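Biologist: I am new to this structure. Please take me through it step by step.

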Amino acid sequence: QIVAVLRTVKFTRDIRGTLQLTSYFFDEENPLYKIMLPQEKFVPPKFWKLFEDEMSLRRLLMDLGMKHTVSDVEIIEFAHTIELEARGKTSVSELRKKSSALFKKALKYNATKKNSNLLNGIATIKFVFPVKIQKELCDYHQPLAGERDLVGIKGSLIEENSDHQYLIWSSMPILPTDSLPQSHLEHLNKAGAFHQPPCNLVAQNLKNICQSGCADNYLRNIRK
């Protein structure tokens with residue numbers, strides 16, 4: 001009963017000094033929360049210093065509603081956030097950090113939750129940074145995705161063969177999957193990613209590069 005009552009009481013101040021319900025806060029020890037959320041969403045450091053046993057206090061706050069486990073709904077929200085931030089002024093380095101962390105978490109979540117449909121739910125959201133294309137290929141023709149461009153899972157190529165870059169770099173993005181277990185790759189495939197470059201996109205890439213001129217020996221050698 002005491003816990004139930006405390007859940008309705010604003011007794012913890014946020015970084016601005018405003019009293020909040022415990023359910024307002026997120027656990028900063030969760031790596032994804034720490035990367036994705038602003039500092040105001042965490043319990044201020046000075047609050048923890050008021051108590052000797054921080055571990056017991058943290059468990060109590062979790063019982064009172066502090067969020068500590070990432071849900072599928074939050075993963076979807078975070079994916080939309082990254083997609084939106086990519087259109088703004090957030091630095092590429094910050095976006096890459098968020099994108100990488102969320103992509104890994106989404107794959108892990110999908111693999112550990114029975115009958116999870118998470119990847120299908122985020123498959124069309126552009127929150128993943130594709131594999132960086134070799135410089136020589138970029139010099140010859142710009143890749144489909146630029147430095148700041150994010151891509152979705154659906155319609156992208158699973159990175160299983162580095163030579164695939166030569167076939168589709170101007171027509172199809174490649175997901176950063178070279179170090180993932182096979183089970184994750186299969187889940188990505190079910191969500192709309194490709195194991196092999198589709199013939200129509202290989203043809204489109206050929207069409208693109210054939211329209212590029214070879215103004216010097218450097219570019220002619222790349223074309224060979």
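Modeller: One term comes before the rest: a residue counts as buried under 20% relative accessible area, as exposed over 50%, and as partly exposed in between. Keep in mind that this is a predicted model.

Biologist: Is Cys-199 buried or exposed?

Modeller: The cut-off for exposed is over 50% relative accessible area. Cys-199 has 69% relative accessibility, so Cys-199 counts as exposed.

Biologist: How many disulfides does the rule give?

Modeller: A disulfide is a covalent bond between the sulfur atoms of two cysteines. The rule asks for a pair of cysteine sulfur atoms within 2.5 Å. For Cys-199, the closest cysteine sulfur is in Cys-210, 16 Å away, which means too far for a bond. The count of disulfides is 0.

Biologist: Now the inside. Which element gives the largest share of the largest nonpolar core?

Modeller: The largest nonpolar core has 37 residues, and Leu-102, Leu-119, Ile-122, Phe-127, Ile-153 and Leu-188 touch the most other members. The elements giving two or more residues to this core are α2 (31–36), α5 (72–85), α6 (92–112), α7 (118–122) and α10 (182–190). The largest share is 7 residues, and it comes from α6.

Biologist: Which residues does Leu-188 touch?

Modeller: Leave out residues up to four places away in sequence. Then Leu-188 touches Phe-103, Leu-107, Leu-119, Ile-153, Ile-158, Leu-175, Thr-177, Leu-180 and Ala-193.

Biologist: Which residues are the closest to the centre of the largest pocket?

Modeller: The largest pocket has a volume of about 280 Å³. Its lining has 18 residues. By class, these are 12 nonpolar, 1 polar and 5 charged. The closest to the centre are Lys-132, Ile-133, Ala-145, Gly-146 and Glu-147.

Key:
Residues are numbered from 1 along each chain as its sequence is written. This is a predicted model: local features need pLDDT of at least 70, side-chain atom pairs count only at pLDDT 80 or more; totals for chains, interfaces and linings use all residues. Side-chain values use heavy atoms; hydrogens and water are left out. On a 1 Å grid over the protein atoms alone, a cavity is a set of points where a 1.4 Å probe fits but cannot get out, and a pocket is an open set with protein on both sides within 12 Å along at least five of seven lines; lining residues have an atom within 4 Å of a point. Grid points are joined across faces, edges and corners, and a volume is the space filled by probe spheres set on the points. Ala, Val, Leu, Ile, Met, Phe, Trp, Tyr, Cys and Pro count as nonpolar, Asp, Glu, Lys and Arg as charged, and the others, Gly among them, as polar. Buried means under 20% relative accessible area, exposed over 50%, partly exposed in between (1.4 Å probe, protein chains only). A nonpolar core is a set of buried Ala, Val, Leu, Ile, Met, Phe, Trp, Tyr and Cys residues joined through side-chain atoms within 4.5 Å. Helices (H or I, at least four residues) and strands (E, at least two) are DSSP runs, numbered from the N terminus. Contact means heavy atoms within 4.5 Å.
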